[in-house]
Amino acid sequence: MMTDNRKKRLIIVLGMHRSGTSAITRGLQVMGVELGDNLMPAVENVNAKGFWEDLDIYALNNELLSLLGSDWHHLTAIGLKDVEALRKSGYFAKAVDLLCQKVEKKNVFGFKDPRVAKLLPFWKEVFIQCQFDTSYVLVVRHPLSVAKSLAKRDGFDVEKSYFLWLGHIIESLTSSAGMQRVLVDYDKLMLSPEFEINRIAKGLDLEINPVELDSYITQFLDETLRHTAYDLNDLSLDDACPLLIREIYTELLNATSDKILLDDPILKDKIEQWTNEWQRLKPILTLADRLSSLNPLGKQIASLKQALVEHDGQIASLLEQALVERDGQIASLEQALVKHDGQIVSLLEQALVERDGQIASFEQALVERDGQIASFEQALIERDGQIASFEQALIERDGQIASLEQALIERDGQIASLEQATKEINNDVAKLQQEITDILASTSWRISRPIRMAKTALIAVKPNSERWALFTHSAWFNRLLPRAYRNLPVSSHIKVPPQQIYPRPPATTLNLDPNREALPAVAISEDQFNHANPCILVIDLRIPTPDQDSGSVRMFAILQLFKELKFCVTFISDSDAHLPDYKEALQRQGIHVLQGYDAARSHLAATGGKYHFAFLSRPEVAFRYLPYVRAYALYCKVIYDTVDLHWVRFEREMQVSGNQALRDVIAKSKRVELFNLTCADLTMAITHEEKEQLLIEQPDAEVAILPNIHALCPPRTPFSQRSGLLFIGGFWHQPNVDAVMYFVAEILPRISEIVPDLVFYVIGSNMPDSIASLQSPNVQSLGFVPDVTPYFESCRIFVAPLRYGAGMKGKVGQSMSHGLPVVTSTIGAEGMGLAHEEHLLIADQPQDFADAVARLYQDELLWRKLSKSALSYLEENYSYAAARKRLSHILKGFKEELTTDNTEPNVENETSISSENVSTDSKQLQKVSV
């Protein structure tokens, strides 16, 4: 059973090798800190005044590193998996027992071993288990001094020493955060020992023994403990020193001077940034360690050199100890010589014999060491032979690479064959389109035309007889048409099931029990539903912010179209977010705006009966409000706006990322979206492909297409005055984050090889740190920009390298609406009917994408062609006028269903709408496809 250690203090000295940790650990004795009695002996020319390290802890650390396949000079940091591996191997319990034994019967125990900084994630859990009152002394020394010392002692390259220094410092700063700690500079200790010792004692809440302090300063500290001294300018002059190390060392000097505290928020933010930079270097450092491991002989020599140094230190310690013992014996013999001359002679002879034996042993050890060195030299010769073999293997590998390059040439030929096959398929498609044209001219289609046009034509005649008008709007007439239509001699798969007349609302009021929690009482009177005053309720996730995301652009345009179509519009935002400017923009349009779930529920309970339509946008919004709309707005048609198929987007994300955790998200999203599809009177898909996908899942569903809506802004700046690449997207949308990271990592470097000094501009709201940190001379991470028009006018190409997503990509349409040519992926171009080389360029592989961008960037004729054709295509299919026509047609059909046989017909209104719809057979076919 573990004893209560909470009153026992533990002081750990953290720092890089050769950073002065030994001298500072010795200084802890001045404050009453006990270091134990099993310390590593001093080694001449290495640490002549002692290492002050506990040998048992030193041995355990070496075992831990060996188990992990690491060593003190490896650059790779220890991670959580490594800690778990040490636990499973029993080292956690072993470390706890060892530390408890060391601290037993000691009020304040301290120890140091530079390896602890590397193994701190493991040791921290040990400290927590032991329940000690733990404090840290963080030691920092000029990085160049450390590098020079390691070069002299271990033969390390200065670059490796710098990264070793960085790894120990980062781990010490992050793992000691939140604990009592003090940062001390070794060079400052050597210059002002009394001040720095008092500063350490104050930081650790310890008292100083004046006598011990005087002994420490006068007898222990001297300049032989420091062979080099540099200043900050020396780091700037050293090209091998990374900028990150200069920055960290500068900030830490301020902290050692108490100009800034270690726990200051500003410094903590910088430490977090340094840690992130260190983590980014992890793959490179791991590779460096692996490359180092390919030279095990060098590693063995370094280890043996270290072992020889330690061994020589032990021999020196034993010699020194033997000399001390001998001197004591001589003193005793001299004292006894006066009394016992005979005994003195005998003792001296015995001492000489023992000394001769020791010398003989030492000479034997030297002979054995010379033999080991000879063995090492032989091993070097053998290793040189292995290196020669490796060089031969490299020559053979070069031959294999040449063979692979030949295989790539053959693959290019296969691709050319596939392109030819694609052309043949396109010819087949053209033939199929001709067959469709023949169907439109067929007898069956002409036979069905009179029935399709019957009701519209009869209403358009405007007969003078009021009775005739009532007849054409009667329920009997509307039931007669479907029966006649079903009996036509036309294939059933061509017919569209006619809509049924919606029943007139009852005159009585329905009241539910007000104590029920499921739904509040419904109180809707007949008077609320007014055919002469059509009202529509629109509910979305939040108030549209059209300058921040394409979904808001589409929703803002839809709301404007509802107003133009003479609807009384109420907009409800599910979010309570305070967006006064955007809210005011809606109110200026004459749109009533409410926010929040409670406001929506109260509004529906009070006036829900007046609505002709409820337009519910996005799956989660429709799923939440469908019950209340059905309960309170009994006589309205519910339109579910998908925005895009979320489950399809998540499936594609899983295919790209391999994140299997998305399976549950996909299943849940699909259940919600199909539920909405089933419960709605009409579902709005954003593309033809997504409409087909919905009909596969629910063949009898009513699905229409309402795509993105774009205002056309023809370009004014010529090709020659443009430069750079552009990407715009809201970064709350994960596909946009993935697209930018993928483009910068895989595509932009390939483009820069062809078009140097190219700048990639990234614009979008909610930009995460992962995107902002890409900032460089070639990447400008701008974040949210209120007016993006200047960038559409100054950049030469818009790129959309999307790897997953769903629906229609607003960023592609927005760029095309400004006449800025687009290079995108198949995912980015889907849903709009865009053709490669006609409206934009499409490429999916990194090299293909880079080649397409470079080609378009340098080809003015192609640039102009794509700009002009994209604008024309957008105006015809996705402009404001095209959307108005499409939405008018969709709502017209629902208006007719809401008209009952007891309602006075609005002949003038019906005629104005139907006259737009009396058109050619081809336009009637388009209406069916909608």
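Biologist: In this predicted model, which residue does methionine 684 stand opposite in S11?

Modeller: Methionine 684 faces alanine 704 of S11.

Biologist: Which strand does strand S9 (residues 637-641) join, and over how many bridges?

Modeller: S9 is joined to S10 by three bridges, and the two run parallel. Within this pairing, tyrosine 640 has threonine 683 of S10 as its bridge partner.

Biologist: Are the faces of strand S10 (residues 682-685) covered or uncovered?

Modeller: Both are covered. Leu682 and Met684 lie on one side, Thr683 and Ala685 on the other, and all are buried. To be called buried, a residue must have under 20% relative accessible area. In a regular strand, side chains alternate between the two faces of the sheet.

Biologist: What is the strand order of the open four-stranded sheet?

Modeller: The order is S2-S1-S3-S4, and the pairing is parallel. Strand S2 (108-112) and strand S4 (180-185) each have a single partner strand, so they stand at the edges, with one side of each lacking a neighbour in the sheet. On average, neighbouring strands here are turned by 20° against each other, direction ignored.

Biologist: How many bridges join strand S1 (residues 9-14) to S2?

Modeller: Five bridges join S1 to S2, and these strands run parallel. Leucine 10 is placed opposite phenylalanine 109 in S2. Helix H10 (residues 193-204) packs on the sheet, where it touches S1, strand S3 (133-140) and S4. The direction of H10 makes about 165° with that of S4.

Biologist: Why does the length of helix H4 (residues 91-103) agree with expectation?

Modeller: At 1.5 Å a residue, the 13 residues of H4 should span 18 Å, and the end C-alpha atoms are 18 Å apart, so the two agree.

Biologist: How do you know where the buried residues of H4 lie around its axis?

Modeller: The buried residues of H4 include Tyr91, Phe92, Leu99 and Val103. Just after H4, lysine 105 adopts a positive phi of about 65°.

Definitions and conventions:
Residues are numbered from 1 along each chain as its sequence is written. This is a predicted model: local features need pLDDT of at least 70, side-chain atom pairs count only at pLDDT 80 or more; totals for chains, interfaces and linings use all residues. Side-chain values use heavy atoms; hydrogens and water are left out. Two strands pair if DSSP finds at least two bridges between them. Axes are lines fitted to C-alpha atoms, for helices over the stretch in contact, and angles run from 0 to 180 degrees between N-to-C directions. Contact means heavy atoms within 4.5 Å. The expected span of a helix is 1.5 Å times one less than its number of residues. Buried means under 20% relative accessible area, exposed over 50%, partly exposed in between (1.4 Å probe, protein chains only).
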